[in-house]
Amino acid sequence: MPKPVAVILLNWNTPVYTANCITSLKRYCDERLFDIIIADNGSTDGSLTLLQTQFPDLIYIDNHENLGFAEGNNRGLNYSIDKGYTYSLLINTDTLVDEDIVTKLSTHLNNYPEAAAVQPAIYWMHDRAKIWNGKGGFNRVLGLIYSERKLPAQNDTDTFKAAQWVTGCCMLTRNSALIKCGLFNPKFFLYYEDVDLSFMIREMGYELHYLPSCKMYHEAGVSGKAEVKGKEGILSPVIHYYVSRNRLWVLRKYGNKLCYPIYIIISGFYYISLLIYFKLRGRNKKAGYLIKGLKDGLFTPKNLIWPINK
């Protein structure tokens with residue numbers, strides 16, 4: 001009989017962050033409740049060997065190549081489902097905990113069978129008084145996909161809030177719901193795959209919950225940052241391709257068609273401003289990836305993104 005929770009960490013050339021995350025989980029969370037599964041996305045820095053040496057008791061999946069956040073995590077989710085775990089807890093490797101989030105989140109889903117997934121309040125690593133990601137929302141009139149960042153009130157910390165989406169940075173999912181709804185769409189590769197899956201889960205009649213009384217800390221974007229700031233800045237230029245493309249994919253599938261003119265005005269102003277900024281700063285790679293992302297986001301046929309037989 002497996003433990004109820006499979007904790008899934010997707011590593012890609014970040015062995016130190018992954019090791020620190022594992023150490024914090026082992027220190028603060030009840031290990032009787034979970035196994036840790038490390039899915040390695042074809043790291044080229046010896047990550048897999050380093051982690052296996054440091055933590056030989058964990059479960060390892062070698063993806064052999066960079067499958068992206070979506071499919072890389074799917075490998076771990078498939079393992080969790082196949083081995084009979086009740087829940088899967090996805091956690092980014094550049095995070096730390098200082099309380100037993102496994103117990104808190106799994107107890108919540110035990111108590112609320114109508115919920116397919118729950119996420120904690122995720123605070124910034126560098127400023128632990130500010131929230132990086134809270135309750136996920138979607139304004140279908142304006143086409144805004146957002147996360148509330150206001151701190152919970154003192155009398156509000158023990159209650160949950162219904163969310164429209166939960167973040168893949170830290171989400172506990174019910175495996176029985178994933179079997180019905182499916183996993184992350186690998187076409188997204190990274191960014192907004194969690195929003196897409198969240199909307200699919202809600203379309204199946206499940207709820208998604210945000211639990212502000214449960215917290216963790218996130219550095220954010222470690223795998224997409226350069227070690228030294230160059231002409232293109234710290235953030236990898238290709239990030240702008242996936243963020244712009246996938247956001248448009250989500251709006252095309254889940255947005256309100258009557259509001260498309262509003263989307264065009266708001267998004268058009270934002271992307272034109274961003275493109276001008278890149279050009280003024282001489283960040284031509286970022287400008288190129290942004291334009292390509294907008295093109296693919298607008299014109300990739302829906303049946304290629306979401307095949308009919310899926």
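Reply: Start with a pair of helices: α8 passes α9 in a left-handed crossing. Left-handed means that the near helix is turned anticlockwise from the far one by less than a right angle; clockwise would be right-handed. The contact is made by Y271, L274, L275, F278 and K279 of α8 and by N284, K286, A287, L290, I291 and L294 of α9. Contact means heavy atoms within 4.5 Å. By class, the contact residues of α8 with α9 are eight nonpolar, one polar and two charged. Ala, Val, Leu, Ile, Met, Phe, Trp, Tyr, Cys and Pro count as nonpolar, Asp, Glu, Lys and Arg as charged, and the others, Gly among them, as polar.

Me: What should I know about the model itself?

Reply: This is a predicted model: local features need pLDDT of at least 70, side-chain atom pairs count only at pLDDT 80 or more, and totals for chains, interfaces and linings use all residues. Residues are numbered from 1 along each chain as its sequence is written, and side-chain values use heavy atoms, with hydrogens and water left out.

Me: At what angle do α8 and α9 pack?

Reply: Helix α8 (residues 260–280) and helix α9 (residues 284–299) pack at about 155°, and their axes are 8 Å apart. Axes are lines fitted to C-alpha atoms, for helices over the stretch in contact, and angles run from 0 to 180 degrees between N-to-C directions. Helices (H or I, at least four residues) and strands (E, at least two) are DSSP runs, numbered from the N terminus. α8 and α9 are therefore roughly antiparallel. The cut-offs are under 35 degrees for roughly parallel, over 145 for roughly antiparallel, 65 to 115 for roughly perpendicular, and oblique for the rest.

Me: Is A6 buried or exposed?

Reply: Buried means under 20% relative accessible area, exposed over 50%, partly exposed in between (1.4 Å probe, protein chains only). A6 has 0%, so A6 is buried. A6 lies in strand β1 (residues 5–11). Beyond its neighbours within four places in sequence, A6 touches D35, I37, S80, Y85, Y87, S88 and L89.

Me: How many aromatic pairs are there?

Reply: A pair of aromatic rings is described by the distance of the centres and the angle of the planes. Rings of Phe, Tyr and Trp (its six-membered ring) pair if their centres lie within 6.5 Å; planes under 30 degrees apart are stacked, over 60 edge-to-face, the rest tilted. The count is 13 aromatic pairs. The centres of W124 and W132 are 6.5 Å apart with planes at 80°, so this pair is edge-to-face. W132 is buried at 17%, while W124 is partly exposed at 22%.
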